[in-house]
Amino acid sequence: MIELKELTKRYEDGVLALDHVSYTIKPGEIFCLLGANGAGKTTTVNLLLDFIQPTSGSGFLNGHDCNKFPLEAKKYVSYVSENVQLYGMFTARQNLRFFAELGGKSGLKNQELDNVMRSVGLPEKALTMRLKNYSKGMRQKLGIAIALIKDPPAIIMDEPTSGLDPKSANEFLDQLRKLRERGKAILMTTHDIFRAKQIADRVGIMKQGRLVAIREKADFKHADLEQIYLTEMEAAENAA
Amino acid sequence: MLKSIISKEILANFLSYRFSIIAVLSITLILVGIFLLYRDYCLAIENYEILASERAAAVIPPTPLSVFAKGLDENLCRAYAGSGGQISASSKQQSVNDLFKLFTVPDLLYIIKVILSLCAMLFAFDMVSGEKEAGTLRQSLSGSLGRPILIVGKWIGGFTSFILPFFIAALLGVAFVTLQSKVAMTSQDWARLGLFLLSSVVYLAVFFSLGLLISCLTHESASSLVVSLFAWTILVFLIPNLGNILARQFIEIPTVQQLELRRRQIALRAWMEVHRLELVSDRNARLAQARAEQDQVTEDYRNRFERLVTLSQGITRVSPTAAFTFLATDLMGTGMLEEGRLKNAVMEHLFASGKDEDRGRPTFSYSRASYRKALVQGGLNNLLILILSDLLFFAATYVAFLRYDVR
């Protein structure tokens, strides 16, 4: 479970990047965070991963405070970035083994590593290929494999479909559905309203650090999510 | 986790072009340097045998350790003679390899203090900033990996993979030298060599830690590289060379020519006055007074010179390169400590009887200071400076990494 309680971040230059944001992502739920550049999506991710300290409020991963007990909290989360960046000179297997060990899974056999990579749709020849020869889509899949092998209850994804071709993006979403079926709580930040509509159980709309709306699947399943997004943004602007 | 990070760092380095280039460079340089200096040592031995057979006033054999750290060995192994209470060394150099006069002697000490120190920084400069740029640092720290473990693992893994080719090359070089019939290494020599290699590791660790620190203080590998080169230039070249100039600002000392001129002036003045004196006893007294004045001038020069050397050493020791050079050459018996001891021994040998004549003087016998003596007489201080620099840079790296913005 991922939980934010009145999470606030004001940077040293005075910019309010996150303004008292609260929500909870339950197990087996995909929560998509929508917003323009500078809305506070990546700040949220950075706070949850303890890359920066909050000004006030707290974030929790599986009940553990991300900033007070970051190492304990991060045992329960995997992170997939916009560009999954791994070690280019290592093979996929070596990368997966290293990050599995960092996640506390040591002593895994090659067969186990290969099975996880196959399960995310990586072709056979890619298993022993060096990462520098991987396409972005393949790297994103390996990012999912890293998340899978650690098997945490929560997964945080920062613009994971950005720059992916439609086929790769669809394959990626298939993997997300599988993760949801396995009971993972998934926070995914994105610009891509189309993909958010396809995959999200709920969407949060952010503007200038504030969470201006949360919409349930029922609200946008048969509606135009883009229109909802624009309406909420306009309402937030008028309110400000 | 620490083991995983160390293994990853070693593997990543082994797979990198940088490692291959630095490994080939250091192995080639060390082996070629040792081979060239072994040949030079053989020539120095031959020269020594000639000088010894000519019954030169005072001459000592070259040490086989000069193959690794030549230091002042060429000066030490000159033939010394004495007259007028002063010693002079023959201008004839032991080394007949003129190339060494054109180019810096590529001994192991030089390779370590200049080239490998640069390689250490080139190994470490992007270990953090480069990983930040690549995005792998963010990926690594997104899990439950603590920053202290990561930075310690990086240091151990990175330094291990850097030092490995150095050790292989050094051991090959040592094996080559010791297998030669002209080299007879004593247990004392082995101890000196062991301590030299150990202090080399400590010295290289200073630059590795400094490179890692710079990497933790910058956010782009290009900036890290520029800052690293700047710091390396200051520590390796600027401070050691400026130390002497700076010391001369505090201690005024005449040149050797000025000293000689002053002595001549004293003699000339006394000579002119002596002619005006009638009594022989007065003349002798005036000449004795002149000699005493000359000795006083010489003594004053020596004292000033010693103070200058001490102050220069003190200033240049700010640079780990200088501290390492003093330590290594003193340990190997080719340093300033040895030069001072030798000159005192030669003075004792030539003038102890109060006469300058060669006749009846016993053969000059001299043994270089033991490594224990070298350590006690300043060596431990230099080693301590290196260890403290290591600890200081690593502690700063540790703190900087804990605060490092990985975004």
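Reply: Happy to! Chain A has an open sheet of 6 strands, with mixed pairing and the order S6-S7-S8-S3-S9-S10. Strands pair here if DSSP finds at least two bridges between them, and helices (H or I, at least four residues) and strands (E, at least two) are DSSP runs numbered from the N terminus. This is a predicted model, where local features need pLDDT of at least 70 and side-chain atom pairs count only at pLDDT 80 or more, while totals for chains, interfaces and linings use all residues. Residues are numbered from 1 along each chain as its sequence is written, and chains are lettered from A and ligands numbered from 1 in the order in which they are written.

Me: Which are the edge strands?

Reply: Strand S6 (77–80) and strand S10 (210–216) of chain A, each of which pairs on one side only. From one strand to the next, the twist averages 20°.

Me: What does S7(A) pair with?

Reply: S6(A) runs parallel to S7(A), joined by 4 bridges, and Tyr79(A) stands opposite Ile156(A) there. S7(A) also pairs with S8(A) in the parallel sense, over 5 bridges, with Ile155(A) opposite Ile186(A).

Me: And is S7(A) buried or exposed?

Reply: Mostly covered: 5 of its 5 residues are buried, where buried means 20 or more other C-beta atoms within 10 Å of the residue's own, with C-beta atoms placed from the backbone. Ala154(A), Ile156(A) and Asp158(A) point one way, Ile155(A) and Met157(A) the other. In a regular strand, side chains alternate between the two faces of the sheet.

Me: How many bridges join S3 to S8 in chain A?

Reply: 5 bridges, between strand S3 (residues 30–35) and strand S8 (residues 185–190), which run parallel. Phe31(A) stands opposite Leu187(A) in that pairing.

Me: Which strands does helix H1 of chain A touch?

Reply: Helix H1 (residues 41–48) packs on the sheet, touching S3, S7, S8 and S9 of chain A, and its direction makes about 140° with that of S7(A). Contact means C-beta atoms, placed from the backbone, within 7 Å. Angles run from 0 to 180 degrees between N-to-C directions, and axes are lines fitted to C-alpha atoms, for helices over the stretch in contact. Helix H5 (residues 136–150) of chain A lies across S6 and S7, at about 175° to S6(A).

Me: Switching to chain B: how do H11 and H12 pack?

Reply: Helix H11 (residues 256–276) and helix H12 (residues 280–316) of chain B pack at about 170°, with axes 9 Å apart. That makes H11(B) roughly antiparallel to H12(B), the term for angles over 145 degrees. The residues in this contact are 9 nonpolar, 1 polar and 6 charged. Ala, Val, Leu, Ile, Met, Phe, Trp, Tyr, Cys and Pro count as nonpolar, Asp, Glu, Lys and Arg as charged, and the others, Gly among them, as polar.

Me: Last one: how many residues does each chain bring to the contact between A and B?

Reply: Chain A gives 18 residues and chain B gives 19 residues. On the chain A side, the largest share, 3 residues, comes from helix H3 (residues 92–102). By class, that side has 9 nonpolar, 6 polar and 3 charged residues.

Definitions and conventions
Contact = placed C-beta atoms within 7 Å. Parallel < 35°, antiparallel > 145°, perpendicular 65-115°, else oblique. Buried ≥ 20, exposed ≤ 12 C-beta atoms within 10 Å, placed from the backbone.
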